Amino acid sequence: MANLAAVVGIGQTSYTTKRNDVSIAGLVREAAVNALNDADLTWDDIDAVILGKAPDMFEGIIMPEIYLTDALGCNGKPMLRVHTAGSVGGSTALVAASHVQSGTFKRVLTVSFEKQSESNAMWALSNPQPFSTHLNAGAGGYFAPIIREYIRRSGAPDDVGIKVAVKDRQHGARNPLAHLQLPEITMEEVSESFMLWDPIRYLESCPSSDGACAMVIANEELADRSSKPPAWIRGVAMRSEPTMYAGREEVNPQAGRDCAADVYKQAGISDPRKDLDVAEVYVPFSWYEPMWLENLGFAPEGEGWKLTMEGATSLLDGGDIPWNPSGGVLSSNPIGASGMIRFAEAARQVRNDAGEHQVPDAKLALGHAYGGGAQFFAMWVVGAEKA
Amino acid sequence: MSEENEVITGIEVPIFLKYNFTAGASPTRFLARVKEGVLTGQRCPKCKQVYVPPRGACAGCGVPTEEEVELADKGTVQSFTIVSIPIPGNPIEPPFVVANLVPDGANISFIHLMSECDNADVHIGQRVQAVWKPEEEWDYAMDNIKYFKPIDEPDVPIEKIGKLPVTGLEG
């Protein structure tokens, strides 16, 4: 049985296309200092630092963790870098949490970042491969055929993805940190935006962002003494599966279903739609909301799109299970940080500290991240109460 | 220091790297046969599924694959996307169709280009065949196939996509 741990400090940068005013070290430092301030702590209070980011080629800096040790106050302390592609922000938070839950450390700082403006992440993902023809067209090119198959088998109407694109940007407009600020966005505008990778339109895709996110995770004794309400970690789970194997279920991956079942069991959740108050879920292309609604058990297979269309996932429509009130990955996407932002935003909700995008009376929240070819999954459930 | 310096926000630092790919036994065999104009796969001894290109193991079962299987250069569209942005280093002009194709006799798709078709007519279950480059240009590369084009055969029912024998629909 793991020891109790909780999030006691959260720090984010604002998210934007280009943070030209800071280096990468300055960017991660900013998020880390914000988290320490939020926790009312100093560098001396931190026992270890767990850092995460997506592939090094995204900025062209090989092993950036080496260069970032001083900016993150790691001199004389353990520091570890985690890497699980797009889910890395989530898995980094889980590695940090496990160091506290195991009793190894009392208080850990965890940070993740991406500075997409320094290179070209989309094409850094699309190297030629010697046994394949060179037609890799970024993440959108990879996920578009999977989305097409979801639409075919679910019979979902064409505008589900458009509705998610509008809903998450309306949410993002309530979050001053969100990269895209599009409060007036309309279904028509999304529908008429450029078809990048049919069926994915420009406005149904995430932006490229610079930004960093940080959290301080502490053990029960220290969390009980924290100045602001802690977000208690009630369940943690990771799963992975190969990118490709014959018969692989790409639309509704087994690893995602298994990961959700594991984290729900730990948190005592039997009906996620009913038991959870809010979810921050990794949706980089709009159609992934209905797909993950099914994968995560919020709706039966083939019916996730109905929740979206009913407004169940919309904070503004007063939906019963708001998804991504922060605006989600569709509003801000510093890739390596995007998963941790989901985890941190879930924690903000149960700390009742989410400002204009607060879900009223949120007590239990899911943070979710996925990466690679939808093959790495990381999830946690955080609560306002210990159990 | 009172003078104001201009903020430096972008010094271009290009990195060029060349990598050597050690193919290993299974991809070596695959690439050698592709150079002869033949697609081959490998069958998993456990689940009996046929992999293309073979990587030497079944990722589902976690066991080595050894039995080589010759595949057709006809196949079926499992899914696809129409890409409207250019790919750096590839001269192809958008919009172009990138399809997940399952060759007859295999149980997993690879991506390749579709051409000689109206993009709006491409659909899941559609039958296609490889259009090869001239034989003198063949190398250790899937680019020996220029693209796949639709052929006049009935669509494959959804439940049979990825499950056809090497003899195709009629087989």
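## Helix H6 of chain A

The buried residues of H6(A) are Val160(A), Gly161(A), Ile162(A), Lys163(A), Val164(A), Ala165(A), Val166(A), Lys167(A), Asp168(A), Arg169(A), His171(A) and Gly172(A). The model described here is predicted. H6(A) is mostly covered, with 12 of its 13 residues buried. These buried residues pack against four helices of chain A, namely H7 (187-192), H11 (288-295), H12 (304-310) and H13 (328-331).

The end C-alpha atoms of H6(A), which comprises residues 160-172, are 18 Å apart; this agrees with the 18 Å that 13 residues should span at 1.5 Å a residue.

## Helix H3 of chain A

Helix H3(A), residues 88-101, has 14 residues. From its first C-alpha to its last H3(A) reaches 19 Å, close to the 20 Å expected at 1.5 Å a residue. Because 12 of the 14 residues of H3(A) are buried, this helix is largely enclosed by the rest of the structure.

The buried set in H3(A) includes Val88(A), Leu94(A), Val95(A) and Val100(A), and also Ser91(A), Thr92(A) and His99(A). Gly103(A) follows H3(A) and has a positive phi, near 85°.

## Nonpolar core

The largest nonpolar core contains 161 residues, of which Val111(A) and Val382(A) touch the most other members. Helix H14 of chain A, residues 335-350, gives the most to this core, with nine residues. In soluble globular proteins, nonpolar side chains tend to be buried together.

Residues up to four places away in sequence aside, Val382(A) touches Val7(A), Gly367(A) and Ala365(A), as well as the run Ala231(A), Trp232(A), Ile233(A) and Arg234(A). Its contacts also include Ala346(A), Ala347(A) and Val350(A).

## Surroundings of Ile24(A)

Ile24(A) lies in helix H1 of chain A, residues 24-39. With 21 other C-beta atoms within 10 Å, Ile24(A) is buried, the cut-off being 20 or more. Apart from neighbours within four places in sequence, Ile24(A) is in contact with Glu59(A), Ile61(A), Pro64(A), Phe113(A) and Lys115(A).

Between Ile24(A) and Asp353(A) there are 27 Å in space, C-alpha to C-alpha, and 329 residues in sequence.

## Fold of chain B

Of the 171 residues of chain B, 36% count as buried. Among contacts in chain B between residues at least 6 apart in sequence, 57% join residues at least 24 apart.

Three strands of chain B form an open sheet in the order E2-E1-E5, with antiparallel pairing. The edge strands are E2 (50-51) and E5 (67-70), each of which pairs on one side only. Strand E1(B), residues 40-43, pairs with E2(B) in the antiparallel sense over two bridges, and Gln42(B) has Tyr51(B) in E2(B) as its bridge partner.

## Contact between chains A and B

The contact takes 37 residues from chain B and 27 residues from chain A. On the side of chain B that touches chain A, the elements giving two or more residues are helix H1 (25-34) and strands E6 (74-83), E7 (96-103) and E8 (110-114) of chain B. E6(B) gives the most to that side, with five residues. The residues of this side comprise 25 nonpolar, 11 polar and one charged.

Strand pairing also links the chains: strand E5 of chain A, residues 195-198, is joined to E6(B) by two bridges, and the two strands run antiparallel. In this pairing, Trp197(A) stands opposite Val83(B) in E6(B).

## Backbone geometry

Two cis peptide bonds may be described. The bond from Asp198(A) to Pro199(A) is cis, with omega near 10°, and Pro199(A) is in the loop between E5 and strand E6 (200-201) of chain A. Pro94(B) and Pro95(B) are likewise joined by a cis peptide bond, with omega about -5°; Pro95(B) is found in the loop between E6 and E7 of chain B.

Asn352(A), which is not a glycine, has a positive phi near 55°. Asn352(A) is in the loop between H14 and strand E10 (364-371) of chain A and counts as partly exposed, with 16 C-beta neighbours inside 10 Å. Glu116(B), also not a glycine, has a positive phi of about 55°. The loop between E8 and strand E9 (127-132) of chain B holds Glu116(B), which counts as exposed with 12 C-beta neighbours inside 10 Å.

Key
Residues are numbered from 1 along each chain as its sequence is written. Chains are lettered from A and ligands numbered from 1 in the order in which they are written. This is a predicted model: local features need pLDDT of at least 70, side-chain atom pairs count only at pLDDT 80 or more; totals for chains, interfaces and linings use all residues. A nonpolar core is a set of buried Ala, Val, Leu, Ile, Met, Phe, Trp, Tyr and Cys residues joined through C-beta atoms within 7 Å. Two residues are in contact if their C-beta atoms, placed from the backbone, lie within 7 Å. Ala, Val, Leu, Ile, Met, Phe, Trp, Tyr, Cys and Pro count as nonpolar, Asp, Glu, Lys and Arg as charged, and the others, Gly among them, as polar. Two strands pair if DSSP finds at least two bridges between them. The expected span of a helix is 1.5 Å times one less than its number of residues.
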